[in-house]
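How do you find your way around a protein model? Start with the sheets, then look at the side chains. Please keep the view open as you read.

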Amino acid sequence: MADRLPVTVLSGFPGAGKTSLLNHLLAHGVGGRVGVLVCGAQDGQALAPLPPGCEATLLPSGEPLLAEAARLAATGRFDTLLVEADGLDEPLAIAEGFLFEAEHGAGPDAAVQPDTLVTVVDAATVLRDLNEAEFLADRGLAQGQDDDRTVAEVLVAQIEACDVIVLNKADLVGAAELARLRAALQALNPRADIVEASFGKVPPGRVQGTGRFDFEAVADGAGWLAALRGQVPAADAASGVSTLVYRRRRPFHPQRFADLIHTEWLREHGSVLRSKGLFWLAGRMETAGDWSQSGGVCRHGGAGAWWVALDPAEWPADAAERAEVEADMQDGGVPAPFGDRRQELVLIGLDLDHAALQARLDACLLSDAEMAAGVEAWAAYPDPFPAWVDDFDDDHDHSHDHGHRHGDDCGCGDPGHDHGHPHGHPHAH
């Protein structure tokens, strides 16, 4: 197979400074013959003068990125490709599309290889936006009437799944706020290289030709996933950023948990920027709940069947994966009474009162008397949560491994892929 054309993807919310970074890289970058693709280009949009050997293509919103990238790769005229993504695109979705195209597209001569996924964030606004419950539609940015994403959800998706975070407009915030912001971003994405910048001016070698991209590492690199693996960062006393992992082996009372999530609990004990994980409702013994919160909106839905609810013949055949399932059936080294059913939530935020947050969640758990009443009694408890039967198919989707299983077209990415954000039942707080 011919060498694949390396591509650097610049993602970031509108106004973060992607175009400034792109122009800086064209003027001071690694050099050579560079193909440039700008997604979501507006009429009249212009780039800085291009160096010799470079060629830029402006793609209006909705125009397929992958086909144009393949065309440029097939010409053999370029040494590297720079992509400025649309402001609402998610970098992992774009990378997934490139990899799919390389395997199933126009052939080896048209193959591209993601080299670095870069997310640009606005240092002056990102923490505020991560704390809000503002929908894209509120800013006139929704991609169609069914796009119910929030600003925070888009930002989190861009921050969690990248190799490098460019903390742009760093000159607009003070040193203490900048340190707090760096700590928050590192908690959301521990593996990202964070580069401070003003006007998009970064050392080109930090974002081009790094070779940092690895699909599995990016897909599993979010801070909440790292925390579930036991990689919980120490609380940063100076910045107030911390991560709480909440694990319990008894179910939530459905009504009490529903009552909790309709309160301001995520703002009353610090500010929870991001929470994610699984939850178990009494009376729902077959299905795990999926929990996802970014900023001021939380969503919930079905995550698939608990492994213990299935015949062991349906468990993974791979030895390592099966060992993980069996480990989930253990609690403190002994078989758990209810198998892998559990609460497993990660909360990342600012100035968090861990004890108070745990107490709020603990109050939703069944009491000793309720536990003793048994499963048949639990089934009669009031349960205001929507039915989850439609969230997985009749063959039991038991893919609740905290993976990326939410479907949504990400504009410049390939709409044939399964990626995006969770479309559950939103609750603003």
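The paragraphs below go from confidence to strands, and then to single residues and rings.

This is a predicted model, in which local features need pLDDT of at least 70 and side-chain atom pairs count only at pLDDT 80 or more, while totals for chains, interfaces and linings use all residues. Residues are numbered from 1 along each chain as its sequence is written, and side-chain values use heavy atoms, with hydrogens and water left out.

Begin with confidence. pLDDT is the predictor's confidence in each residue, from 0 to 100. The protein has a mean pLDDT of 87, and 87% of its residues reach 70 or more. Over residues 390-399, however, the pLDDT is below 50. Residues 401-425 also stay under 50. Where pLDDT is low, the predicted coordinates should not be read in detail.

Now find the strands. Helices (H or I, at least four residues) and strands (E, at least two) are DSSP runs, numbered from the N terminus. Two strands pair if DSSP finds at least two bridges between them. Strands of a sheet pair through backbone hydrogen bonds, either parallel or antiparallel.

Seven strands make an open sheet with parallel pairing, in the order β3-β2-β4-β1-β5-β6-β7. Which strands stand at the edges? They are β3 (55-59) and β7 (193-196). Each has a single partner strand, so one side of each is left without a neighbour in the sheet. Neighbouring strands here are turned by 20° against each other on average, direction ignored. Strand β2 (residues 34-39) runs parallel to β3, joined by five bridges. Gly35 has Glu55 in β3 as its bridge partner.

Move on to β14 (residues 343-350). Eight of its eight residues are buried (under 20% relative accessible area; exposed is over 50%, partly exposed in between, with a 1.4 Å probe and protein chains only). Gln343, Leu345, Leu347 and Gly349 cover one side, and Glu344, Val346, Ile348 and Leu350 the other. What pairs with β14? Strand β8 (residues 241-248) does, in the antiparallel sense over eight bridges. There, Thr243 stands opposite Ile348. Strand β9 (residues 271-279) also runs antiparallel to β14, through seven bridges. Gly277 is the bridge partner of Leu345 in β14.

Next, pick out Ser294, in strand β10 (residues 287-294). Is Ser294 buried or exposed? Ser294 is buried, with a relative accessible area of 4%. Its side chain makes a polar contact of 3.3 Å with that of Arg274. (A polar contact is a pair of N or O atoms within 3.5 Å; within protein, one must be able to donate a hydrogen and the other to accept it, and residues adjacent in sequence count only if both atoms are side-chain atoms.)

Finish with the rings. Rings of Phe, Tyr and Trp (its six-membered ring) pair if their centres lie within 6.5 Å; planes under 30 degrees apart count as stacked, over 60 as edge-to-face and the rest as tilted. The structure holds 11 aromatic pairs. In one of them, Phe279 and Trp388 are edge-to-face, 5.6 Å centre to centre with 80° between the planes. Phe279 lies in β9 and Trp388 in the loop between α14 (375-378) and β15 (427-428), so the pair ties together parts that are 109 residues apart in sequence. Both residues are buried.

Methods
Axes are lines fitted to C-alpha atoms, for helices over the stretch in contact, and angles run from 0 to 180 degrees between N-to-C directions. Contact means heavy atoms within 4.5 Å.
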